[in-house]
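Biologist: I have a two-chain model to go through. Can you walk me through it?

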Amino acid sequence: MDTATIAGAVARLDCWLDTMRGADGYGGPVAHWWQNCLLFTGAGFDWRYEGIILGYLSLFQKTGDRRWLTKAQRAGDDLLQGQLPTGNYRNSSFELNPYPGGTPHEAACDLALLRLATVLREAGEPDWRTYLAAAEGNLRQYYVGRLWDAAGCIFWDQPGTSSFVPNKAATLVEALLALAEITGDEAWLQVYALPTLDTVVRHQVQGGPLDGAICQYSLHGQRVERYFPYYAARCVPGLVAGYDAAGDESYLDAARRALAFILRWRYEDGSLPQVVYAGGQLNRYPQWIAAVGDILRAMALLEPHGVDIDPGPTGEWLLRGQEVTGSFRTAWGFGAQISQRDPGPLPEFRDLLPVVGWSDKAFRYLAEALSGGQAGDWPTGQGVQPLDAECTWQGKVLAYREDTAAIELRRNGQVLYRWRKGAPWAEVCAPEMWWK
Amino acid sequence: MLGWGCTVPEAWLERPSLEYQHALDLLAAGLQRGGGPVAVFASSRFYARDLVKRLAACSGALLAPGGWASPADDLVSLLGPEVVGTAFRLAFGIDDLPHAPAAAWAEPEAEGGDQVLAQVGAWLPAGGRLYVVSSGRLARYLPEWHGSGERPAVRPASLRLLRQWLRRSGWGIEALYGFHAPTSVVWGHASRLMERLHRPDLADRCQFQMRAGYIRRGQWAFLAPVRVMTAKRSATG
């Protein structure tokens, strides 16, 4: 990927992100493997803010242009406004919204706020402490206060439930390490982050055809043997950060093996299956597009550690997914989620549906992949173009349209779905689209 | 405003079953579609909490039929911190409700439900729409109806009784939706069976098939654990 291509893609995506802002922050429908959230479309204070804030911070650091810092700070302010007195964030559950207490989402927001605080402190801005306080409040009150099991030295995924989710814990580790760094308090590292990373490593498969895979979660100590390449990639940044902080080679080894697992399952076109099971079966569809930004990030993070990777095919898979609107397609093959047969020539509605909490992964990766010194020749005139496309829903061909004002789906002229951008709920949602 | 370290009931962090999530989403989307203020008749904290969080962007009022709350109560203590900063308030009575084109009722109790409906009918303008949640017998298998947590209702009115009340009072029933109707229950069982047979790949696919058939309209909806009925107030009702 050349710099001009990346800069053009980022510029268009930035324009599109602006169209997804409402009064309270970044909103919009969500499509996900686990569940969809098509009716509630209000601002979600979840992991979408991780990619948005960190992406804008990267742009600021690479270009020196303060408009990117302003945008990062505006997003940080959304989180402050969305924070509850308990430290939680409203609507932090992404596909499960509108609910607070979402994991890894609240930790992802904390990580973004902490990085924002660091950059503002370095820039001599006095309000960096506000963002630090918000993130620390969440980590202390929610993660340590409600999810930390001191006896087992483990963060549970939900209050009162003994389940552990490695990829979510890895995001939390990143936030804890960022907090240790900015406060200088080693307890965040020693007491919470490293024991958590050790638990992540214990969830990794050792040897055999699935070597390096990390199981999705464990419940009451029992591993649930579903292995998602995407979620393995989400573990890599936390493991690398743990290695950087503590120098423990086992974390770096775990990260390398996680990536090796991912690459063993990569198709020629750079895409990946959704999930691989212990028995060797897999469910290929839907295959993420925007979210592979996180997989490319994992590759980029391990490259300096001597891991020889060709990100090319996956980078091309990602860039092919950018629409004229500037957004990235969510996936390919949602229509085959049940049958797991060839999805056919047309995308399903959820494939096309642009989701802020997926496109932010592409945004962050591409912003980080830019080379420095882009301020003078930043692409201009990258406005959002309307997209008209055919797609399917439950086997029927429908007309999809997105512009700056709305996302709409029609069948024979009849509106099945309409979300006016900025509104907290879909204006029209036919009963067949209440599919969670 | 609460300060850091406040203590509030744990329940506000819990998500209800998918059946109730669907039903409450439908209510919230319907109420917001009309624009303007909204009114909610909630028979329990369970419903009030989840509806207020969904309607946080609206100004509105909450009435507590059955008397589980009074206007003197502090909403944050009752429902949790998510009400902080919202324009929602507890109403003193039916006369204290804002003028609104639609209302949500979650959910009618077998005892006294007809009186609540009479109040709603007197308050809602002609042509106004009412969204009603109804828990069926199968809802007793949902986690909300077990343990020591807050239950959605004490003794929910049956759909049959609800229809009688609505029709007698001149309401036109528009639609009935059921969440987790029989076909989706079958797919849910199939998913668990596949899991036991060590085919998690098929279990996942059955799970998505279950979701795809989760919502049923009309007669099949009667058999669902949670239902939503929409009704329109007639000009003369």
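**Where the chains touch**

Modeller: Let's start with the contact: chain A gives 33 residues and chain B gives 36 residues. Two residues are in contact if their C-beta atoms, placed from the backbone, lie within 7 Å.

Biologist: Which elements of chain A each supply at least two residues of the side that touches chain B?

Modeller: Helix H5 (128-147) and strand E8 (282-283). Helices (H or I, at least four residues) and strands (E, at least two) are DSSP runs, numbered from the N terminus.

Biologist: Where do the files and numbers come from?

Modeller: This is a predicted model; local features need pLDDT of at least 70, side-chain atom pairs count only at pLDDT 80 or more, and totals for chains, interfaces and linings use all residues. Residues are numbered from 1 along each chain as its sequence is written, and chains are lettered from A and ligands numbered from 1 in the order in which they are written.

Biologist: Now chain B. How many helices and strands?

Modeller: Chain B has 7 helices and 8 strands. Its radius of gyration (over C-alpha atoms) is 18 Å, close to the 18 Å from the globule rule for 237 residues, so chain B is as compact as a globular protein of that length. That rule is 2.2 Å times the number of residues to the power 0.38.

Biologist: What box do the C-alpha atoms of chain B fill?

Modeller: Roughly 60 × 50 × 30 Å, along the principal axes.

Biologist: And what share of the contacts in chain B with a separation of 6 or more is between residues 24 or more positions apart?

Modeller: 80%.

Biologist: Back to chain A. What does A:Val236 touch, leaving aside neighbours within four places in sequence?

Modeller: A:Ala255, A:Ala258, A:Leu259, A:Ala298, A:Leu301 and A:Leu302.
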